[in-house]
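Here are my notes on this model, as numbered points. Please read them with the structure open.

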Amino acid sequence: MKKSVFLGALTVAGLAAGVAGAATVDDVKAAGKLNCGVTTGLVGFAAPDANGEWEGFDVGVCRAVAAAVLGDPTAVEFVPTTGKTRFTALASGEIDLLARNTTWTFSRDVDLKFTFVGVNYYDGQGFMVPKELGVSSAKELDGATVCIQTGTTTELNLADFFRVNNISYEPVPIETNAEAQQQFLAGACDVYTTDASGLAATRATFENPGDYAVLPEIISKEPLGPLVRHGDDEWGDIARWTLNALIAAEEYGVTSANVEELAAAPTDNPEINRLLGTEGELGAMLGLEADWAVKAIKAGGNYGELFEKNIGENTPIGLARGLNALYTDGGLLYVPPFR
């Protein structure tokens with residue numbers, strides 16, 4: 001395995017503190033593009049297509065923010081990051097926003113000095129095995145070799161789960177999802193563990209996905225969401241309320257298809273009017289144009305549209321909304337009022 005150097009928490013925090021003194025939104029506007037950190041490749045969430053164009057659920061967040069700030073959803077430079085490099089890239093200013101299936105935790109928020117602007121996917125860690133292994137529960141994995149991405153919450157979760165259940169394992173460290181897939185398919189490990197959504201996305205790329213099973217145990221809470229550096233509240237507000245706008249749009253029935261029509265004149269719903277900028281001064285409060293949310297929604301659709309297009313039940317990934325449904329449908333998605 002290739003060795004990588006970890007930057008200590010204090011080093012990352014120091015980098016973040018130094019860079020955050022600048023107004024990121026001004027830098028983004030001056031550059032005419034958003035530098036957005038994404039995964040090195042996870043189909044459905046962030047991966048380049050056959051033409052090299054990045055697409056996916058997390059990519060949609062990047063494009064929405066670019067549209068809100070710059071008026072152009074294509075004005076994004078996608079920067080692939082691994083579990084190890086993502087925080088250094090954000091802290092150093094190499095990227096303006098990290099939208100890379102990253103779990104919101106206490107230490108990342110407080111110690112590493114990052115601000116999570118919301119949750120765009122509620123997840124949990126799971127396990128995938130070849131069906132020929134003949135196991136139906138993670139508790140049957142005593143002595144298994146496990147492929148695990150370094151620099152992630154999954155490392156600690158894995159150790160906790162095996163310790164609590166008094167079973168042992170042999171870790172096989174990997175750095176990227178592509179490497180994990182290669183090692184897993186080659187038989188270098190019995191098990192691959194990561195967020196359940198990542199397992200579904202990875203299995204969908206297999207030549208024979210039916211030969212592999214995701215075990216029933218979900219062993220952690222993994223609230224995934226975009227993050228920015230501490231100390232730049234204006235930029236944090238823009239990223240936070242852009243994500244909120246996508247979720248609110250789904251709740252109010254505002255889609256990429258009807259958003260321009262609804263924004264052409266005030267509707268009977270004042271919340272929609274404030275969201276779309278035909279009433280109030282919310283855009284000005286963010287330092288953006290009145291129609292910032294219109295541009296964000298038009299970029300790739302509301303939250304539901306992004307979900308269904310990239311990772312929903314009718315895609316190869318095949319994820320149900322579950323916890324990621326609106327609160328009105330029994331899920332956890334709930335955003336503060338636009339007022």
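1. Asparagine 166 first. It sits in the loop between helix 6 (153-164) and strand 10 (169-174); helices (H or I, at least four residues) and strands (E, at least two) are DSSP runs, numbered from the N terminus. Phi of asparagine 166 is near 55°, a positive value in a residue other than glycine. Asparagine 166 is exposed, at 71% relative accessible area. Here buried means under 20% relative accessible area, exposed over 50%, and partly exposed in between (1.4 Å probe, protein chains only).

2. On provenance: this is a predicted model, in which local features need pLDDT of at least 70 and side-chain atom pairs count only at pLDDT 80 or more, while totals for chains, interfaces and linings use all residues. Residues are numbered from 1 along each chain as its sequence is written, and side-chain values use heavy atoms, with hydrogens and water left out.

3. Lysine 113 also deserves a look. Its phi is positive, about 65°, although lysine 113 is not a glycine. Lysine 113 belongs to the loop between helix 5 (106-110) and strand 6 (114-116). With 34% relative accessibility, lysine 113 is partly exposed.

4. Domains. The assignment gives domain 1 (24-120 + 225-329) and domain 2 (130-222); the bounds come from an automatic or database domain assignment. The C-alpha centres of domain 1 and domain 2 lie 29 Å apart. The contact takes 17 residues from domain 1 and 18 residues from domain 2, with contact meaning heavy atoms within 4.5 Å.

5. What does the area buried between domain 1 and domain 2 come to? It is about 1,200 Å², and carbon and sulfur atoms give 60% of that. On the domain 1 side, Leu42, Lys84 and Thr103 lose the most area to domain 2, together 33% of what that side buries. Buried area is the accessible area (1.4 Å probe) that two parts lose on being put together, summed over both. Between domain 1 and domain 2 the count is 0 salt bridges; a salt bridge is a side-chain nitrogen of Lys or Arg within 4 Å of a carboxyl oxygen of Asp or Glu.

6. Strand 11 (residues 191-195). Is this strand mostly covered or mostly exposed? Mostly covered: 5 of its 5 residues are buried. Strand 8 (residues 125-130) runs antiparallel to strand 11, joined by 4 bridges. Strand 9 (residues 144-149) runs parallel to strand 11, joined by 2 bridges. Two strands pair if DSSP finds at least two bridges between them. Tyrosine 192 in strand 11 stands opposite methionine 128. Tyrosine 192 is also the bridge partner of cysteine 147.

7. Disulfides. The count is 2, a disulfide being a pair of cysteine sulfur atoms within 2.5 Å. Counting bonded cysteines along the chain, the pattern is 1-2, 3-4. Cysteine 147 bonds to cysteine 189, with sulfur atoms 2.1 Å apart. This pair links distant parts of the chain, 42 residues apart: cysteine 147 in strand 9, and cysteine 189 in the loop between helix 7 (177-185) and strand 11. Both cysteine 147 and cysteine 189 are buried. The torsion about their S-S bond is about -100°, so this disulfide is left-handed.

8. Cysteine 36 and cysteine 62 form a disulfide, with sulfur atoms 2.1 Å apart. Cysteine 36 lies in strand 1 (residues 34-39) and cysteine 62 in helix 3 (residues 57-70), 26 residues apart. The link is left-handed, with -70° about the S-S bond. Cysteine 36 is buried at 0% relative accessible area. Cysteine 62 is buried at 0% too.

9. Helix 8 (residues 196-203). Of its 8 residues, 7 are buried. Among them are Leu199 and Thr202. The cover includes strand 7 (121-123), strand 8, helix 7, strand 11, strand 12 (212-214) and strand 13 (222-224).

10. Salt bridges. The structure holds 7. Lysine 33 pairs with glutamate 77, the closest N and O atoms being 4.0 Å apart. Lysine 33 is in the loop between helix 2 (24-31) and strand 1, and glutamate 77 is in strand 4 (residues 76-81), so the pair ties together parts 44 residues apart in sequence. Aspartate 237 and arginine 240 meet at 3.0 Å, N to O. They are 3 residues apart in helix 9 (residues 233-252), about one helical turn.
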